[in-house]
Amino acid sequence: MSLKSLIGVLPFAQPQRSFQRAQLFRPLDGAGNLLTSFEVQHGYIYPPAVTVAEGEVMHLRLLVPMQEGDRCLYREPGSPTDIDVHGGDNGANRRRRTNKLLRFGDAECSIRVNPVHRRDGGFWRLTLVRGTERIRGVTMVDVIERPAVPEIGAGGSGTPVSSLDEISPERTEYCFVQRQSSMEGGGDGVVVPMYERCHLPLSETDPTGAGVWSVIAGVQGQMREMSYGIHIENKEEQIVTAVDKELDYHVLSCTLQYTKLTLKFCRFVRLADGLGLNVVPGIGTPRYGYIGAGFERNECGLEILGPEGLDKGTWKCLLGYGDEAVTKVSGAIVDNSDTSPPLAIVGRDVTATAQNGTTASLLCNANQPIDYCWFRGPHGQFYSLSESLTHGDGAPYWYSGIALSMGECGITFAALVDGEHAGRWHCYVGNGHVSALEVSASFEVRISPSQIISPAGDRVEAVLGFPALLGCDSIPRGTPLQYCRFVTPAGEAFSLNENVTTERPVLGRFYSNPNHNLAKGSCSLVIAAVREEDFGQWICAGKIEGHPVEHIYGVLLHNRDDGGASGGENEDPTVAGGTLSAASISGMVIGAVAVVGGAVAVGYWQFRKRLHRQTVAANEEIQMRTLEERPRISVLSTSISEGSSSSSTNSRTAL
């Protein structure tokens with residue numbers, strides 16, 4: 001059979017697979033440069049192009065069966081000489097062929113290069129010679145470096161992987177990833193192959209992929225598969241802290257790991273007094289300065305020269321990092337104390353206030369990193385929190401704070417409701433590395449129907465003739481007030497500001513509390529000496545900046561002596577020996593009549609006086625425009641906090 005007839009039946013000679021054409025049967029002595037003198041038809045040499053790793057074995061062949069008397073020639077890259085695969089040329093070529101080039105099979109014109117070196121990259125040519133006829137084919141060979149296993153430690157014994165991009169070898173073509181425990185336990189081993197890159201087959205039941213995995217990868221340029229193990233420990237962004245203490249200096253460091261984002265700023269805050277430091281490379285003070293490998297490597301360290309006093313305590317570091325599209329803020333607690341303090345809740349508000357039906361937050365922070373935190377409501381409700389519980393999930397509450405690693409635990413409610421959330425709350429924090437026992441604290445939550453509320457509660461106790469303190473604060477606390485005013489139980493109304501002092505009181509006995517500050521949302525009144533007409537319901541009203549109308553709150557001023565036991569009475573001297581004389585009896589009757597008559601007269605006078613006050617109050621209320629829609633303000637429900645008159649004046653809102 002001739003070469004012409006063979007060409008017609010070769011499957012690789014189909015038109016749809018033909019990218020080049022070959023002109024056959026040229027005399028050998030007329031051979032020139034193949035790329036310029038001959039047209040090569042794709043398909044006669046296989047493969048037409050190959051990528052092979054250095055040190056591997058390469059196979060090339062012409063897809064034309066050989067017959068008796070045929071010759072098979074090859075030409076290496078950069079060589080002008082064809083060499084007979086079967087020998088018959090000079091000794092140098094024979095030695096090289098013996099060490100490197102071997103014939104692959106007898107059925108076809110083929111060669112095997114073992115091993116492949118860098119210099120073997122380029123165009124290789126095979127020529128089949130039959131008498132005066134020949135067929136040639138060219139293969140482009142690309143020699144690459146031998147693929148290496150990622151430096152992650154076989155079997156999970158090495159350093160844990162910090163990024164999933166590191167588990168794929170170079171030029172990965174396919175990959176199988178499976179847990180080692182599944183393979184060792186004789187599992188079904190059903191794993192979907194991955195192409196071009198290895199990744200962890202994560203699922204809802206295994207979202208982190210923590211543990212040891214086995215990887216089998218096929219890579220370009222190499223027949224043998226690569227097999228190795230990887231150890232996934234933590235692929236989430238985290239901040240690693242460290243403290244280095246020397247005699248004359250301390251170094252507090254925070255390093256951001258497991259992220260592709262770059263550090264933008266670093267801030268250290270001393271918790272003892274709130275001192276904040278903008279830690280920047282190249283800038284410092286005589287005692288504080290930056291130390292580390294630079295923001296480019298996500299390292300931020302604070303060097304303290306001659307640490308003393310408050311420096312030897314707890315610090316917080318806050319790191320801002322991101323790219324052009326996003327910026328994140330996270331942080332951690334760095335303990336520079338000489339002794340390890342116990343886990344405790346710090347900065348807790350004794351009383352938190354909120355407006356009914358509005359969004360509000362409750363805070364409960366710890367002095368150390370915490371693993372978890374949760375809240376218990378006044379009716380036994382349980383609210384468990386995590387950093388993944390965010391506002392966009394549609395839940396009625398979510399986590400608020402920078403991170404648990406900073407000891408920050410906060411819960412934000414979409415709407416705080418008086419009947420459900422007002423009362424005594426408890427918060428709990430836990431850190432298993434410090435103690436198995438949780439630390440808890442309690443606080444009060446008071447909810448107002450308006451946007452102002454009395455910090456002392458709905459009922460304030462007072463004593464006749466002594467000073468008393470009344471007031472109302474804006475919600476959230478600190479929201480500025482344009483003005484505030486009070487209405488007494490007798491109907492007298494007046495406004496308060498910083499100019500109403502003890503030297504210039506209103507009505508001779510009402511003046512502003514020195515802590516009164518409208519710019520900070522605080523309206524506070526001092527009654528110099530409480531009178532009988534001061535007992536009853538007071539109205540505190542104020543207009544918050546940006547609001548069209550004022551807000552109103554009612555406070556009851558109660559006489560602490562009402563209902564108390566009367567003073568002791570002397571024993572009647574007319575009683576002697578268990579009998580009474582006629583004169584004594586007559587005197588007692590006359591005295592009783594006088595007492596009863598006096599009581600009736602005093603009672604009638606008090607009734608007329610109280611009726612007069614109520615009439616005046618009603619007339620004054622009618623004249624007040626701000627009370628046209630609410631002619632009568634009822635007292636809110638009984639104060640949640642027992643004894644709040646003494647403690648709530650120093651409370652801070654948690655909003």
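# Pairings, links and burial in a predicted model

Visitor: Which residue is the bridge partner of Gly536 in E40?

Guide: Leu557 is the bridge partner of Gly536 in E40. This is a predicted model, in which local features need pLDDT of at least 70 and side-chain atom pairs count only at pLDDT 80 or more, while totals for chains, interfaces and linings use all residues. Residues are numbered from 1 along each chain as its sequence is written, and side-chain values use heavy atoms, with hydrogens and water left out.

Visitor: Which other strand pairs with E39, and over how many bridges?

Guide: Strand E35 (residues 481-487) pairs with E39 in the antiparallel sense over 6 bridges. Within that pairing, Arg485 has Ala541 of E39 as its bridge partner.

Visitor: What makes strand E39 largely enclosed by the rest of the structure?

Guide: Buried means under 20% relative accessible area, exposed means over 50%, and partly exposed lies in between (1.4 Å probe, protein chains only). Of the 9 residues of E39 (residues 536-544), 8 are buried, so the rest of the structure largely encloses this strand.

Visitor: How do you know that Cys254 and Cys317 form a disulfide?

Guide: A disulfide is a pair of cysteine sulfur atoms within 2.5 Å. The S to S distance of Cys254 and Cys317 is 2.0 Å, so the pair qualifies. Cys254 lies in strand E15 (residues 249-257) and Cys317 in strand E20 (residues 314-322), so the link ties together parts that are 63 residues apart in sequence. The structure holds 8 disulfides.

Visitor: Why are Cys254 and Cys317 called buried?

Guide: Cys254 has 0% relative accessibility and therefore counts as buried. Cys317 is likewise buried, with a relative accessible area of 0%.

Visitor: Why is the disulfide of Cys175 and Cys198 called right-handed?

Guide: The torsion about its S-S bond is about 105°, so the disulfide is right-handed. Cys175 lies in strand E10 (residues 172-179) and Cys198 in the loop between strand E11 (194-195) and strand E12 (211-219), so parts 23 residues apart in sequence are tied together. The link of Cys254 and Cys317, with -100° about the S-S bond, is left-handed.

Visitor: Which residues are linked with Arg287 and Asp311 in a network of salt bridges?

Guide: Arg270 and Asp273 are linked with Arg287 and Asp311 in this network. The closest N and O atoms of Arg270 and Asp273 are 2.6 Å apart. Arg270 is buried, with a relative accessible area of 10%, and Asp273 is partly exposed at 41%.

Visitor: What makes the link of Arg509 and Asp534 a salt bridge, and is Asp534 buried or exposed?

Guide: Their side chains meet at 2.6 Å, N to O. Arg509 lies in the loop between strand E36 (493-496) and strand E37 (510-512), and Asp534 in the loop between strand E38 (522-527) and E39, so the pair ties together parts that are 25 residues apart in sequence. Asp534 is buried, with a relative accessible area of 2%, and Arg509 is buried at 8%.

Visitor: Why do strands E23 and E27 count as edges of their sheet?

Guide: The open sheet has 5 strands in the order E23-E31-E30-E26-E27, and the pairing is mixed. Strand E23 (351-355) and strand E27 (382-384) each have a single partner strand, so one side of each is left without a neighbour in the sheet.

Key: Helix = DSSP H or I, 4+ residues; strand = E, 2+ residues; numbered from the N terminus. Pairing = 2+ DSSP bridges. Salt bridge = Lys/Arg side-chain N within 4 Å of Asp/Glu carboxyl O.
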